[in-house]
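Got the sequence and the 3D view open? Take a moment to turn the model around, and then let's walk through it together.

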Amino acid sequence: MSEDKHTHIAWLPDLLYTGGRFESGLALVSDRAGRITHLTRDVESIIAPPARIVRLAGRALLPGLVNAHSHAFQRVIRGRTERRSAAAHDSFWTWREMMYRAATRLTPEQIYDASRMAFLEMAASGITAVGEFHYLHHAPGGARYSDENELAKGVIRAARDVGLRIALLRVAYARAGWNTPPNERQARFIERDAAKFLKGTETLRDDLAREASNNAHTQGDVGADDANLKSAWVGVAPHSVRAVPLEYLREVCAFAAAHDVMPVHMHVAEQPAEVAACLAEHGRTPVALLADENLLSDRFTAVHAVHITPDEARLLAKASAHVCACPTTERNLGDGIVPADLLFDAGVRVSLGTDSHTQVDLLEDARELEYHLRLQKLERAVLAPPPQGETGAHAEETTTADQTAHAADTDSDSLSSLAARLFDCATTRGATSIGATGGGELAVGSPADFFTVALNDLSIAGASVEALLPSIVFSLVRTAVRDVVVGGRRIIEDGQHRERDEIIERFTDLQRELWR
Ligand SMILES: [Zn+2]
């Protein structure tokens, strides 16, 4: 891109998101290393030529969305599971059998192509970083590749080729389940031995570090080894209590604790059957087991946490653990509803993921976090913080409905407080969960990762400055996303990615080949 040759770029939209609200007249300045150096109303006095000003007329600029839970290859089964199977009752488990049909067959090249397709769709929807929960390690049938991280590296390459940052959350998968015979369809995931799994993880980490330092050397990258400017890093992901025995789990968590900023992600309480099996094996639910074993921490993210109790929400909060909700997938699979109200009340940080990629639109996940609770409780604004001045749950009984409505209409903070909470889930919370230091916010020193939306898009046109964030969170459609910038580099311009046609063509060929 032409921006690359300039030392600084000043991005000047009509409106810029400054946390909970938008302001006009502000420019975001990024340097060559891809970091935000200024947020200023006085661009001219700060940067001199060869700096460049990029006017983003008619656009609002927001921090990049962070997708905290993805299985990129599952993009290939989109549209292929919305039917009844031979089973009497379709569920997550019958869906999983259909998903395994793809997982057992994909070649390394096909995994790269499918991942690139998923990441392209993410980029086009404003996502700038992804946590990829990666469990395809071996060849079809379970034979080892000469490089044990061959597939992980292909997925990382796909993210980089599209331009996204990626946390490769390398999955530990030891068994089909407690007292469950091996399932040959899981042969590509299995790493029975914790020591082997950890060695593979360490090798991937070292390989990425070596590559980053080589790139910095050959390209003269400024600050490429800064933690908050990394394009790819490694985390660990014990798949679930079902798939990983306790001793193995302890070793994986101990390994992560011994390494700085290594996120730990795990599917937790997605399905009632998983909770029941954990009770049968350990006499405790998954969250209680993790808490008793001291395995929850501020680097731990429980993905889903659908079937949990208020006490378990408090256990997660006490350990400063995160939860990643994936509402578009959870509704598709019939998993249930994430009790985000319990989690918010307890103080748990909630992030969002597009998971199975039935739909790739993180703002849809954000609004569904709230909408599912509305349907369940027959209430509105379930996750909104109480209006300022109200202290108790029944404070509204002391005012008339008219007074309450009027106060909410005129107070811009109250107008956008629910949207701001949900937007935080899609940005800062996700960044912390996947270890993207400084990501998800527009602050000096943070990576210059952001997206813009067209203010005249049909889905948000006419929104006042105060109503813009709620309009974006509850109503934006993806066509409104115009620019996506990662590390100061524009990967989507006017809604288009440079490689778009080639990525789609290769993916279309792959689908034809895979499902013929
Ligand atoms: Zn998942």
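Let's start with what a cavity is: on a 1 Å grid over the protein atoms alone, a cavity is a set of points where a 1.4 Å probe fits but cannot get out, and lining residues have an atom within 4 Å of a point. Grid points are joined across faces, edges and corners, and a volume is the space filled by probe spheres set on the points. A quick word on ground rules: this is a predicted model, where local features need pLDDT of at least 70, side-chain atom pairs count only at pLDDT 80 or more, and totals for chains, interfaces and linings use all residues. Residues are numbered from 1 along each chain as its sequence is written, and side-chain values use heavy atoms, with hydrogens and water left out.

So, how many cavities of 30 Å³ or more are there? The count comes to 5, and the largest cavity has a volume of about 230 Å³. It is lined by 23 residues, and those closest to its centre are F92, H239, R242, H267 and E270. Sorted by type, the lining of the largest cavity has 9 nonpolar, 9 polar and 5 charged residues. Here Ala, Val, Leu, Ile, Met, Phe, Trp, Tyr, Cys and Pro count as nonpolar, Asp, Glu, Lys and Arg as charged, and the others, Gly among them, as polar. Helix 2 (92-103) and helix 10 (327-333) each give at least two residues to this lining, and helix 2 has the largest share, with 6 residues. Helices (H or I, at least four residues) and strands (E, at least two) are DSSP runs, numbered from the N terminus.

Next, look for the zinc ion. Which residues hold it? The zinc ion is coordinated by the NE2 atoms of H69, H71 and H267, at 2.1 to 2.3 Å. Donors are N, O and S atoms within 2.8 Å of the metal (3.2 Å for Na, K and Ca), and water is not among the atoms, so sites may look incomplete. Along the chain, the donors follow the spacing H-x1-H-x195-H. Are H69 and H71 buried or exposed? H69 has 0% relative accessibility, so it counts as buried, and H71, at 3%, counts as buried too. The cut-offs go like this: buried means under 20% relative accessible area, exposed over 50%, and partly exposed in between (1.4 Å probe, protein chains only).

Now for the charged pairs. A salt bridge is a side-chain nitrogen of Lys or Arg within 4 Å of a carboxyl oxygen of Asp or Glu, and by that rule the model has 34 of them. Take E121 and R78, whose side chains meet in a salt bridge at 2.9 Å, N to O. E121 lies in helix 3 (residues 108-124) and R78 in the loop between strand 6 (65-70) and helix 2, so this pair ties together parts that are 43 residues apart in sequence. E121 is buried, at 10% relative accessibility, while R78 is partly exposed, at 27%.

Another salt bridge joins E281 to R175, with the closest N and O atoms 2.8 Å apart. This pair links distant parts of the chain: E281 is in helix 7 (residues 272-282) and R175 is in the loop between strand 8 and helix 5, 106 residues apart. With 24% relative accessibility, E281 counts as partly exposed, whereas R175 is buried, at 14%. Salt bridges can also join up into a network, as they do for R59, D483, R490, E493 and D494.

Let's finish with a few single residues. S416 sits in helix 14 (residues 412-426) and is buried, with a relative accessible area of 5%. What does S416 contact, leaving aside its neighbours within four places in sequence? Its partners are G20, E466, L469 and P470, where contact means heavy atoms within 4.5 Å. R299 is in the loop between helix 8 (286-292) and strand 11 (300-304), and it is partly exposed, at 24% relative accessibility. Not counting residues up to four places away in sequence, R299 touches A256, A257, H259, M262, P263 and V264.

Definitions and conventions. On a 1 Å grid over the protein atoms alone, a cavity is a set of points where a 1.4 Å probe fits but cannot get out, and a pocket is an open set with protein on both sides within 12 Å along at least five of seven lines; lining residues have an atom within 4 Å of a point.
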